Amino acid sequence: GESGINCLLNGGFEDLDANFHAYPWTQSAHVEYETASKKGGGHYSAQFEVAPGRTDSLQQKVHLPEGTYTLSLEIESYESADVEVEISATSGNHTFEERVPLNEYDGVTFPIPVSLRMEVPEEGTYEIEIRVTGGPGASVTEEGITVDNVMLSKSSGGVPYSLVEKGDFE
């Protein structure tokens, strides 16, 4: 099972400073923190304003000892088309990544669960990054793409823990 402890700080984007930035996350110009719209999250989520050909991102650095980890989050797309979300963890020449292309009806009714399993070979500082890129035909509603419940947990073996309720459709 997983330890259940989030190695990231402020993964739910609940702690905002006076400028409405979610410390210790750093974000590009077109990422804001808005009132979360769906159940399961807290009051806020990270909202990406998508445009064709543009990539926006959120990053956080975290020191990780050797081990197996799972990075998980939820995405809502609000009828977006031709958009890709990528999650990654990078330290030196070690990179783990997962790409999620979004189509018009993905993540409209229920958030899309995304997870990335990582075998960290040695202790190091990793940059966790969430990138949203609009393709040439990108079209989004004014809500854009939202991300919430970002969690990085260490695995002790067995079945990975997920923040996504009913993620196995049972």
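**View 1. An open five-stranded sheet in the predicted model.** Five strands build an open sheet in this predicted model, ordered S2-S3-S10-S5-S8, with antiparallel pairing. Strand S2 (31–35) and strand S8 (112–120) stand at the edges. Each of these two has a single partner strand, so one side of each lacks a neighbour in the sheet. Direction ignored, neighbouring strands of the sheet are turned by 35° against each other on average. Strands of a sheet pair through backbone hydrogen bonds.

**View 2. The contact between S3 and S10.** Strand S3 covers residues 44–48, and strand S10 covers residues 145–154. The two run antiparallel and are joined by three bridges. Which residue of S10 stands opposite Ala46? Val147 does.

View 3. Asn149 is not a glycine, yet its phi is positive, at about 55°. Is Asn149 buried or exposed? Its relative accessibility is 15%, so Asn149 counts as buried, the cut-off being under 20% relative accessible area.

**View 4. Strand S6 and its surroundings.** Strand S6 spans residues 81–91. Eight of its 11 residues are buried, so S6 is largely enclosed by the rest of the structure. S6 pairs with strand S9 (residues 124–139) in the antiparallel sense, over nine bridges.

**View 5. The hairpin turn between S6 and S7.** How many residues lie between the strands of this hairpin? There are two. Gly92 takes a positive phi in the hairpin, near 60°.

View 6. The bond in focus links Tyr23 to Pro24. This peptide bond is cis, and its omega is near 0°. Pro24 belongs to the segment before strand S1 (26–27).

View 7. Asn10 is found in the segment before S1.

Definitions and conventions. Residues are numbered from 1 along each chain as its sequence is written. This is a predicted model: local features need pLDDT of at least 70, side-chain atom pairs count only at pLDDT 80 or more; totals for chains, interfaces and linings use all residues. Side-chain values use heavy atoms; hydrogens and water are left out. Two strands pair if DSSP finds at least two bridges between them. Helices (H or I, at least four residues) and strands (E, at least two) are DSSP runs, numbered from the N terminus. Axes are lines fitted to C-alpha atoms, for helices over the stretch in contact, and angles run from 0 to 180 degrees between N-to-C directions. Buried means under 20% relative accessible area, exposed over 50%, partly exposed in between (1.4 Å probe, protein chains only).
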